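Subject: Structure for you to look at

Hello,

Here is the structure I said I would pass on, with my notes on what was found in it. Please open it alongside the text.

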Amino acid sequence: MKTIAMIPARMGSSRFPGKPLAQLLGRTMLEHVYQRVAMSSSLAATYIATCDEAIRQAAASFGAPVIMTADSHERASDRIAEAAEQTDADLIVMVQGDEPMVHPAMIDAAVAPFHHNTQLECVNLTRRIDDEADFRNPNTIKVVMDLQGNALFMTRQPIPTLAQGGLDMTPVYKQVCIIPFTRACLNAYCSLPPTPLEQLESIDMLRLLEHGRQIRMIETHYDTQAVDTEADLARVVGLLADDPLLTQY
């Protein structure tokens with residue numbers, strides 16, 4: 001399967017305008033994401049999908065190929081679906097542009113299940129939450145799964161209940177936004193009408209779940225921090241400063 005990565009990015013974030021070009025340890029956040037994703041040996045290519053000229057110019061400055069898209073997309077998945085039409089890839093890995101701590105091994109882990117199960121359509125990474133503030137944070141998307149590791153529901157609310165004990169007693173998980181789609185699944189996503197819970201929660205994957213499609217969750221042990229606010233960016237500066245990957249790009 002020819003596999004590529006797509007990084008959707010736009011300047012108009014409601015919580016953090018201009019976020020992709022925010023400076024992080026001497027580079028834009030977008031460059032960190034691109035360089036780290038492109039290290040994955042599973043990928044034939046890595047692209048940035050955007051509707052913003054400022055992002056196109058910034059990407060060109062560090063050598064990233066860009067596919068321009070319409071500025072009307074509400075969902076990142078719709079943006080990469082449009083961009084993917086200009087490629088011949090069989091598997092498209094969406095990596096959100098606000099994941100500057102992504103590790104290339106996470107890409108490899110996310111795509112590996114497709115080589116063993118031809119019935120899979122979509123995979124998400126997930127990680128156990130070990131901090132209660134993260135659990136309560138509405139910017140952290142929580143996921144509950146069935147016994148086979150398929151997603152049942154995703155929400156910004158703190159689920160499941162901790163009534164039987166704290167996080168050490170109750171395993172709770174978050175979505176990590178590294179999401180491979182088969183081309184057929186990505187095309188189907190765009191043809192499906194938006195769904196009530198997708199719109200209520202503002203979570204792309206709920207469109208698939210509400211239409212009865214399966215999403216396989218794969219656990220990662222890499223610790224990441226998505227950047228939704230300027231406070232998150234400041235936290236990532238401290239977390240990323242000693243990362244040995246920084247010396248490789």
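β1 and strand β4 (residues 45-50) pair in the parallel sense, over six bridges. Within that pairing, Ile-4 stands opposite Ala-45 of β4. Please keep in mind throughout that this is a predicted model.

The two strands belong to an open sheet of five, ordered β5-β4-β1-β6-β11, with mixed pairing. β5 (66-68) and β11 are its edge strands, each pairing on one side only. From one strand to the next the twist averages 30°.

Two helices lie on this sheet. α4 lies across β1, β6 and β11, at about 35° to β11.

Which residues of α4 are buried? In this helix (residues 104-111) they are Pro-104, Met-106, Ile-107, Ala-110 and Val-111. Viewed down the axis of α4, the buried residues fall within an arc of 155°, so they line one face of the helix. The buried residues of α4 pack against β1, α1 (29-38), β6, β7 (123-128), β10 and β11.

Strand β8 (residues 142-145) pairs with β9 in the antiparallel sense over four bridges. The bridge partner of Val-143 in β9 is Met-154.

Is Lys-174 buried or exposed? Its relative accessibility is 11%, so Lys-174 counts as buried. The side chain of Lys-174 makes a polar contact, at 3.3 Å, with the side chain of Asp-134. Leaving out residues up to four places away in sequence, Lys-174 touches Leu-125, Thr-126, Arg-127, Ile-129, Asp-134, Thr-140, Ile-141, Lys-142, Val-143 and Thr-224.

The cores

The largest nonpolar core has 31 residues, of which Met-6, Met-154, Phe-181, Met-205 and Leu-208 touch the most other members. At least two residues of this core come from each of β1 (3-9), α3 (76-84), β6 (91-95), β9 (151-155), β11 (178-182), α6 (183-191) and α8 (205-210). The largest share, five residues, comes from α3.

What does Met-6 touch beyond its neighbours within four places in sequence? Met-6 is in contact with Tyr-47, Ala-49, Ile-67, Ile-80, Ala-83, Ala-84, Thr-87, Ile-92, Val-93, Met-94 and Val-95.

Loops and backbone

Some backbone points are worth a look in the viewer. As background, most residues other than glycine have a negative phi, and most peptide bonds are trans.

- The peptide bond from Ile-159 to Pro-160 is cis, with omega near -5°. Pro-160 lies in the loop between β9 and β10.
- Leu-25 is not a glycine, yet has a positive phi of about 55°. Leu-25 is in the loop between β2 and β3 (27-28). At 39% relative accessibility, Leu-25 counts as partly exposed.
- Ser-202, also a residue other than glycine, has a positive phi near 55°. Ser-202 is in the loop between α7 (196-201) and α8. At 36% relative accessibility, Ser-202 counts as partly exposed.

One more loop residue is Gly-18, found between β1 and β2 (23-24). Why does Gly-18 count as buried? Its relative accessibility is 19%, and buried means under 20%. The C-alpha atoms of Gly-18 and Asn-137 are separated by 22 Å, and the two residues are 119 residues apart along the chain.

Regards

How values were computed
Residues are numbered from 1 along each chain as its sequence is written. This is a predicted model: local features need pLDDT of at least 70, side-chain atom pairs count only at pLDDT 80 or more; totals for chains, interfaces and linings use all residues. Side-chain values use heavy atoms; hydrogens and water are left out. A nonpolar core is a set of buried Ala, Val, Leu, Ile, Met, Phe, Trp, Tyr and Cys residues joined through side-chain atoms within 4.5 Å. Buried means under 20% relative accessible area, exposed over 50%, partly exposed in between (1.4 Å probe, protein chains only). Contact means heavy atoms within 4.5 Å. A polar contact is a pair of N or O atoms within 3.5 Å; within protein, one must be able to donate a hydrogen and the other to accept it, and residues adjacent in sequence count only if both atoms are side-chain atoms. The arc is that of the directions from the helix axis to the C-beta atoms. Two strands pair if DSSP finds at least two bridges between them. Axes are lines fitted to C-alpha atoms, for helices over the stretch in contact, and angles run from 0 to 180 degrees between N-to-C directions.
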